[in-house]
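Subject: Structure handover

Hi,

Here is the structure for your set-up. My notes follow directly below it.

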Amino acid sequence: MLKMGSRKCSTPFFAIIFLSALWLHSVCEALELVEIFSDKFDSPGRAVDPAKWSVLTGDGKINANEVSRYSAEDVWQENDHLLVRANVVKSDSAPDEYYSGAIYSKVPFQFGEVEWRVKLPTARGFFAGLSLVPEGCPPTGPCADGSFNRIDVLQYRGDIPNRVSSMLVYGNVNTGVRHDGSETYKADGTFTDGGTYHLFKVVWDDVKVVFLVDGVEKDKIVTPEAIPHRKMYLVIHTSLGGWYPGPPDGTTPFPVHFVVDEVSVKRWQ
């Protein structure tokens, strides 16, 4: 209630509710789902767009104790697709040398929706991943202070082609790293049947992370300490060996290709 000179003036409660609803509606109407980053891998040449991506090389470990080294030769564009390869170089006089590919984006963002359209292979000892990693931290392992706070939208073992995993990885290597997520099994075949492409998506905001596979929600995580609040960048990678997929063997059909058709990042703004 407000005094205006000698008169008393009040606003009816129903009018306050109406005006509040009108304001909220106008704010919501003003928001749009805007694409802030995308790649259909159709730029000229075989190399990925250097304005969007960096190529990982060397011995960095994204998976744990993998036997492959990251090589620029194992990432390229072909027929409007990204090919990320895992391969072996055999020698009669030395141990086999294993290589794989990985790229990471140059455009960090905070909160949004990320969707990849990919094709998965069947191969023992093979791993493919799609992740969001905090800005300022390496794509290969924890941040400098030992912390993890990453979003793994896809973790895929090539020897279990009917299963994919999604999870949040958070905590610190000094005090304990936690994994919060779930596995999705394909009841009517595998994710590699017929060379089919599949959609892997994450919806990320300040209170939740939601994982979707082929348009179907598979998991929603609301654990406060698990939700990242820093800007993140994208990582697309393959690897061979390590504790998770196990070693490749004589049945692994080298070279193995992880094919990405496109990726899109959108935000409400």
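Ser-68 is buried, at 0% relative accessible area (buried means under 20%, exposed over 50%, partly exposed in between; 1.4 Å probe, protein chains only). This is a predicted model: local features need pLDDT of at least 70, side-chain atom pairs count only at pLDDT 80 or more, and totals for chains, interfaces and linings use all residues. Residues are numbered from 1 along each chain as its sequence is written, and side-chain values use heavy atoms, with hydrogens and water left out.

Ser-68 sits in strand E5 (residues 68–70); strands are DSSP runs of at least two residues, numbered from the N terminus. Its side chain makes a polar contact with the side chain of Ser-100 at 3.2 Å. The Ser-68 side chain also reaches the backbone nitrogen of Leu-240, at 3.0 Å. A polar contact is a pair of N or O atoms within 3.5 Å, one able to donate a hydrogen and the other to accept it within protein; residues adjacent in sequence count only if both atoms are side-chain atoms.

Next, the cores. The largest nonpolar core has 48 residues, and Trp-116, Leu-234 and Phe-258 are among those with the most contacts inside it. Its largest share, five residues, comes from strand E19 (residues 256–268). A second, separate core of five residues includes Val-133, Cys-137, Cys-143 and Tyr-233. A nonpolar core is a set of buried Ala, Val, Leu, Ile, Met, Phe, Trp, Tyr and Cys residues joined through side-chain atoms within 4.5 Å.

Cys-137 and Cys-143 form a disulfide, S to S 1.9 Å (cysteine sulfur atoms within 2.5 Å). The whole structure has one disulfide. The link of Cys-137 and Cys-143 is right-handed, with 100° about the S-S bond. Both cysteines, Cys-137 and Cys-143, are buried.

Best wishes

Methods:
Helices (H or I, at least four residues) and strands (E, at least two) are DSSP runs, numbered from the N terminus.
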